[in-house]
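Hello,

I am handing over the structure below, followed by notes on what was found in it. Please read them side by side.

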Amino acid sequence: MRTLQHLFESNRNWAEGAKMADPDFFERLVAQQNPKYLWIGCADSRVPANQITGLTPGEVFVHRNIANVVVHSDFNCLSVIEYAVAYLKVEHIIVCGHYGCGGVKAALQNNKLGLIDNWLRHIRDVRQKHDDVLSGIDDQELALKMLCEFNVIEQVYNVCHTTIVQNAWEQGQNLAVHGWIYSLEDGLLNDLNTCVTKADELSSIYRLAVSTKREQV
Ligand code: CO
């Protein structure tokens, strides 16, 4: 109960296996981390960044919160983005949502959960933006799917608007921001085609991504 022995055991097995497969593995990681990717995803236990992308330790810098939300006043998330972009010089920021997201579902259905309702307010704002489309959908599963996708597109937009990403682009840094969504049902990632690589692409790509989704309904 107090020691969670089984986790330490499986940790030892993992460390041994990693060393056997690659004797320099830990030495290399001690020396430096050099990830090309920043992953901003949901805290959901079913969506672990490394496993689903097949990336090993050292290859992806990760920030996860409930429903993969990027808020301009969240210094936790902003600090992660700044460190990844300005110091680690990642080349890609991936905002990854997932279908069946509990946070998005609570925002869609106006469920009252407590403190988290304040966090989910950001997704309710996204819902409100597309209320004309979403309220016309009878199938609640489909509405949830749509809002999960709208949420990713919105958060990509928010990432691109941070001073950190804007400054990086202004300085000519190679940086792409992607919007993906993961399906719990088959374990596959889908690209929402909202990849932005420079400031002046942002508005047109955002508008196109949103209008494409809205027309699918
Ligand atoms: Co989720």
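**The sheet**

In strand E2, Val62 is the bridge partner of Trp39. Strands (E, at least two residues) and helices (H or I, at least four) are DSSP runs, numbered from the N terminus. This is a predicted model, in which local features need pLDDT of at least 70, side-chain atom pairs count only at pLDDT 80 or more, and totals for chains, interfaces and linings use all residues. Residues are numbered from 1 along each chain as its sequence is written, and side-chain values use heavy atoms, with hydrogens and water left out.

E1 and E2 pair in the parallel sense over 6 bridges; two strands count as paired if DSSP finds at least two bridges between them. The open sheet has 5 strands in the order E2-E1-E3-E4-E5, with mixed pairing. Strand E2 (60-65) and strand E5 (189-191) each have a single partner strand, so one side of each has no neighbour in the sheet.

**The cobalt ion**

Cys42 (SG), His98 (NE2) and Cys101 (SG) coordinate the cobalt ion at 2.1 to 2.3 Å. Cys42 lies in strand E1 (residues 37-42) and His98 in strand E3 (residues 92-98), so the pair ties together parts 56 residues apart in sequence. Donors are N, O and S atoms within 2.8 Å of the metal (3.2 Å for Na, K and Ca); water is not among the atoms, so sites may look incomplete.

**His178**

His178 is found in strand E4 (residues 176-182) and is buried, at 12% relative accessible area.

Regards

Key: Buried means under 20% relative accessible area, exposed over 50%, partly exposed in between (1.4 Å probe, protein chains only).
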